[in-house]
Structure formats: C-alpha cells, structure tokens
Amino acid sequence: MPHDGHDHSHDVPEDGWKHSGVRVIPGDSLDTNTASTPGMNRAAAINAARVGAQKIWAGTVHIHANAKTGAHHHGPLESVIYVVKGRARMRWGEKLEFVAEAGPGDFIYVPPYVPHQEINASTDETLECVLVRSDNEAVVVNLDIEPAEKPENVPWIDPIHKHP
C-alpha cells in the first residue's frame, strides 16, 4: 500500500505506466517556443503539453550578460530558481528596495505576488538557471515601479538552523 494509506491500484493506466509514468526529457530537446524577455532565453522541459504535468512547470532560463527583467510578479504562483552557472541578482519589494545575490548551487524562492526583478550580475557571462513554477499557467504581471536607487542587501537567515 502507498505511503498515504490509500489503494491507488485503480489509477494504473492501461499501459501499466509504460508511456504515462516517469518521463525523461533530454536536455537537448527542451521546447524553446516559450515566452521570453529580451536578453533571456527560456526553454520548457516539463509542462502540460509536453508531459501532461498539471501542477508544475519546469525549464531553463539563460540570461545574457547585463540583462534584466522589468519589475513583475507571478500572481498566485510560487517559483524556485536554481543557479547552475553565473551570478543572479534579485531585487524585490514594492520599490525593488531589497537585493540579494545567488551563485552556482544556490536556490532562490519567490513567493506569490512578490514584486521582483531578475538581473544577471555579470557583465561578461551568461547566467544559467533552472526554473520551477507551481502551475502551468504563464502568469506574469508586469509592474510600473520606480526602483529604489540603493536597495538594501538582505542576507539569508535560516529560521530552522540558527547560526551559533
């Protein structure tokens, strides 16, 4: 019996999960026919059209040197960004008054409705990231924000593993 204590045997498709179970999407076959911002290239790996995903979207984004998005939020969606290569600078807040940077191996979490801006902090290197969102809908609400001139740096403080 599964971990949730319920019998899911009736959920098994006719093919016994052969073609409707686990999917491996090769990195060289991502769908580049996705909405992108100038200076950014997005490619979908996991979505409804490609694999039947109902609750998540996952893919890659490459942000050119010196490129950045405008201020925006993703409505009710949660986003996770994993930095593969380069240096990401994130600004957020009502006036983009907060800033933090992330490098290779770092994760960035963006809660629902948080105004933010993604920036490649490098002047000569492409920023490469993996992006996961909590829904297939491409929710992007562009915002007309006059950014704070000098944002406040916000270091990560882990609420679970307190520093000594």
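Predicted model: local features only at pLDDT ≥ 70, side-chain atom pairs only at ≥ 80, totals over all residues.
User: What makes β1 and β7 the edges of the open sheet?

Analyst: The sheet is built from five strands in the order β1-β2-β9-β4-β7, with antiparallel pairing. Strands β1 (40-46) and β7 (107-110) each have a single partner strand, so one side of each is left without a neighbour in the sheet. From one strand to the next, the twist averages 25 degrees.

User: How do you know that β4 and β7 count as paired?

Analyst: Two strands pair if at least two bridges are found between them, and four bridges join β4 (residues 79-85) to β7, the two strands running antiparallel; the pair therefore meets the criterion.

User: How are the two faces of β7 told apart?

Analyst: In a regular strand the side chains alternate between the two faces of the sheet. In β7 the covered face carries Ile-108 and Val-110, whereas Phe-107 and Tyr-109 belong to the uncovered face.

User: What makes Tyr-82 and Phe-107 an aromatic pair, and why is the pair called tilted?

Analyst: A pair of aromatic rings is described by the distance of the centres and the angle of the planes. By the rule applied here, the count comes to two aromatic pairs. For Tyr-82 and Phe-107 the ring centres are 4.8 Å apart, which falls within the limit of 6.5 Å, and the planes stand at 55 degrees, which is neither under 30 degrees (stacked) nor over 60 (edge-to-face), so the pair is tilted. This pair links distant parts of the chain, since Tyr-82 lies in strand β4 and Phe-107 in strand β7, 25 residues apart.

User: Why are Trp-92 and Phe-98 described as a tilted pair?

Analyst: The ring centres of Trp-92 and Phe-98 are 6.0 Å apart, within the 6.5 Å limit, and their planes stand at 35 degrees, between the cut-offs of 30 and 60, so this pair is tilted. Trp-92 has a relative accessible area of 26% and is therefore partly exposed. Phe-98, with a relative accessible area of 26%, is also partly exposed.

User: What makes β8 a mostly covered strand?

Analyst: In β8 (residues 116-120), five of its five residues are buried, where buried means under 20% relative accessible area. Both faces are covered, with His-116, Glu-118 and Asn-120 buried on one side and Gln-117 and Ile-119 buried on the other.

User: How do you know that β5 and β8 are paired?

Analyst: Strand β5 (residues 88-92) and β8 are joined in the antiparallel sense over five bridges, and because at least two are required, the strands count as a pair. Within this pairing, Arg-91 stands opposite Gln-117 in β8.

User: Which residues and elements line the largest pocket?

Analyst: The largest pocket holds about 510 Å³ of space. Its lining has 17 residues, of which Trp-92, Ala-100, Ile-108, Tyr-109 and Trp-156 lie nearest the centre. Two or more lining residues come from each of β5, β6 (98-102) and β7, and the largest share, four residues, comes from β7. By class, the lining of the largest pocket divides into 14 nonpolar, one polar and two charged residues.

User: How is the lining of the second largest pocket made up?

Analyst: The second largest pocket contains about 420 Å³ of space. Of its 23 lining residues, Ala-35, Arg-42, Arg-133, Ala-138 and Val-140 are the closest to its centre. By class, this lining has six nonpolar, 11 polar and six charged residues.

User: What makes the largest cavity a cavity, and which residues lie nearest its centre?

Analyst: A space is called a cavity because a 1.4 Å probe fits inside but cannot get out, whereas a pocket is open. The search of the whole structure finds one cavity of 30 Å³ or more, and the largest cavity has a volume of about 110 Å³. Of its 14 lining residues, Met-40, Val-61, Ile-63, Ile-81 and Glu-118 lie nearest the centre. The largest share of this lining, four residues, comes from β9, and by class the lining has 11 nonpolar, no polar and three charged residues.

Key
Residues numbered from 1 in each chain as written. Heavy atoms only, no water. Axes fitted to C-alpha atoms, helices over the stretch in contact; angles between N-to-C directions. Buried < 20%, exposed > 50% of the residue type's maximum accessible area, 1.4 Å probe, protein only. 1 Å grid on protein atoms, 1.4 Å probe; cavity = no way out; pocket = protein on both sides within 12 Å on 5 of 7 lines; lining within 4 Å. Points joined across faces, edges and corners; volume = space filled by probe spheres on them. Nonpolar A, V, L, I, M, F, W, Y, C, P; charged D, E, K, R; others polar.
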